[in-house]
Amino acid sequence: MNRYEALADRLRADIRAGVYPPGQRLPSVRRIAQQQQLSIATCISAYRKLEAQGWLEARPQSGFFARTPEALPPRAHQTCDHESPGEVTMSERVAQVMRASHRDDLLVFSTAIPHADFLPVKDVRASLARALRHDDAGSARYGEFVGEEALRVQIARRAVESGCQIHPDDIVITTGCQEALTLALRATTRPGDIVAIESPAFFGTLQLIESLGLKALEIPTDPQTGISPDALELALERWPVKACLACTSFSNPSGASMPDAHKRRLVQMLSARDIALIEDDIYGELAHDGERPRVAKAWDRSGHVLLCSSFSKTIAPGLRIGWIVAGRWRREVEQLKYGSTMATALLPQRALADYLATGRWERHLARVRRQYAEQMARMQTAIARHFPAGTRCTRPAGGFILWLELPEHVDALQLQSQALAAGISISPGPMFSPQSKYRNCVRLMCAVRWDARVDAALATLGALASGSTKGRSTLRSSSHTI
């Protein structure tokens, strides 16, 4: 445990014990630094962490004052019952949200794109400059279609931390994780096939399934432990599923992370039936406690798991660098990659390989994991303070996304329109289901630069949710929701 975290724990215990009752001023940063023989920077970090968690209130020109944080919103429920496979029609709704997310006049909670403050922008810029300086006319030609060897080596080295032994030759570099998922689905399915998915599921995945002419079968998902193995097994007995696509660690949007036992069972269940598991591990590096979860691929003994990920959530979304380990479908994926995009851009690959080789990524991850934990706690506290009674919220142990279940009378689509008019962009629940379920749910992104404007926006959202009601013509109910 870091020194500032240890200090924060001691001060939190003192507040709980009444040493600093609510409203009492704590020692100044300089004084507590002298008392504890710590640096001022360490003490400031401890105070800021407690402030983010709701245990301290910073008052301008006065210092930090103890307070009792509001209770967090209740935990979210399990998701819907599984139904029959359905066609997916998501494109226009997704396009509307994505267009809004690029407007400078909006406060954006709708996309899973971290603010630049949470990304190693300066280090990446330096690596890009080095890649350009050492460019051997690489920008004048296509790179190798499977990707730069130096980058594949860096990825293979780090795979050990997720429980995998991967050879660099097993890896194909892609243009982001979305292309990796596209290649995986194209290699394992044909138009009209059924793909089992988590429910709720990332709207980008649903849009991909739609574009490939596939059918989505929603599987109930627990907001803590992820996709239900029991429900999936029942679905496999009933439907001719060709592939299962799941985000096994810190899923988008629920934030769920499957226990190791569930991952092992998932791999064994699908491989026994010769069904592909397409594993999206894009958030796997962002465990708040620093304990990197193992991927389901770690239990793959037959090549039935296609592991997909990218560096978009941890390093630089704009580089558009992802990768796939395709197992028994490796040759098909390589051919599809060559036939679709020829190769991923060369200079971003070289810059990323350079950055990973410096060892700075590990230091960046250690810092940003703590930041996301603090951001999530801060937003959960604000939700409890501003949103209507009955609001439920997920408790992810990683990533930077929250999923809210609002009171039953709230219409998320109506709330989205009202929020947009107020200068706030959110993602309504129906976007995350091919059957347009989750009519009273929204997804919020926590990786924003926190200031008074953010808190005011959440207060506005809460006020709008308190007055938002479902129109009878649009109401679609389900027996369980998150």
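Reader: Which residues lie nearest the centre of the second largest pocket?
Author: Glu51, Arg378, Arg385, Trp450 and Asp455 lie nearest. They are among the 14 residues that line the second largest pocket. A word on the source: this is a predicted model, where local features need pLDDT of at least 70, side-chain atom pairs count only at pLDDT 80 or more, and totals for chains, interfaces and linings use all residues. Residues are numbered from 1 along each chain as its sequence is written, and side-chain values use heavy atoms, with hydrogens and water left out.

Reader: What counts as a pocket, and what as a cavity?
Author: Both are sets of points on a 1 Å grid over the protein atoms alone. In a cavity, a 1.4 Å probe fits but cannot get out. A pocket is an open set with protein on both sides within 12 Å along at least five of seven lines. Lining residues have an atom within 4 Å of a point.

Reader: Why use a probe?
Author: Rolling a probe the size of a water molecule over the atoms shows where empty space is left.

Reader: OK. How much space lies in that second largest pocket?
Author: About 300 Å³. A volume here is the space filled by probe spheres set on the points, with grid points joined across faces, edges and corners.

Reader: Which elements supply its lining?
Author: α3 (40–52), β1 (56–59) and α13 (360–386) each supply at least two residues. The largest share, 4 residues, comes from α13. Helices (H or I, at least four residues) and strands (E, at least two) are DSSP runs, numbered from the N terminus.

Reader: And the classes of those lining residues?
Author: The second largest pocket has 5 nonpolar, 2 polar and 7 charged residues in its lining. Nonpolar covers Ala, Val, Leu, Ile, Met, Phe, Trp, Tyr, Cys and Pro. Charged covers Asp, Glu, Lys and Arg, and the others, Gly among them, count as polar.

Reader: Now the largest pocket. What is its volume?
Author: About 1,100 Å³. Its lining has 46 residues, and Thr111, Ala112, Ile113, Pro114 and Lys313 are the closest to its centre. By class, the lining has 24 nonpolar, 12 polar and 10 charged residues.

Reader: Which elements build that lining?
Author: Several give at least two residues each, including α4 (91–101), β5 (194–199), α8 (203–211) and α15 (452–467).

Reader: Tell me about β5. Is it buried or exposed?
Author: β5 is mostly covered, with 6 of its 6 residues buried. Buried means under 20% relative accessible area, exposed means over 50%, and partly exposed is in between (1.4 Å probe, protein chains only).

Reader: Which strand sits beside it?
Author: β5 pairs with β6 (residues 215–222) in the parallel sense, over 6 bridges. Two strands pair if DSSP finds at least two bridges between them. Alanine 196 has leucine 217 as its bridge partner, and serine 199 stands opposite proline 220.

Reader: What sheet do they belong to?
Author: An open sheet of 8 strands with mixed pairing, in the order β4-β11-β10-β9-β8-β5-β6-β7. β4 (171–174) and β7 (226–227) stand at the edges with a single partner strand each, so one side of each has no neighbour in the sheet.

Reader: And α8, which of its residues are buried?
Author: Phe203, Gly204, Thr205, Leu206, Leu208 and Ile209. After α8 comes glycine 213, with a positive phi near 70 degrees.

Reader: Back to cavities. How many are there?
Author: The search of the whole structure finds 4 cavities of 30 Å³ or more. About 190 Å³ of space lies in the largest cavity. It has 17 lining residues, with Glu285, Arg292, Ser309, Trp323 and Trp361 nearest its centre. α6 (149–159) and β10 (305–310) give two or more residues to that lining.
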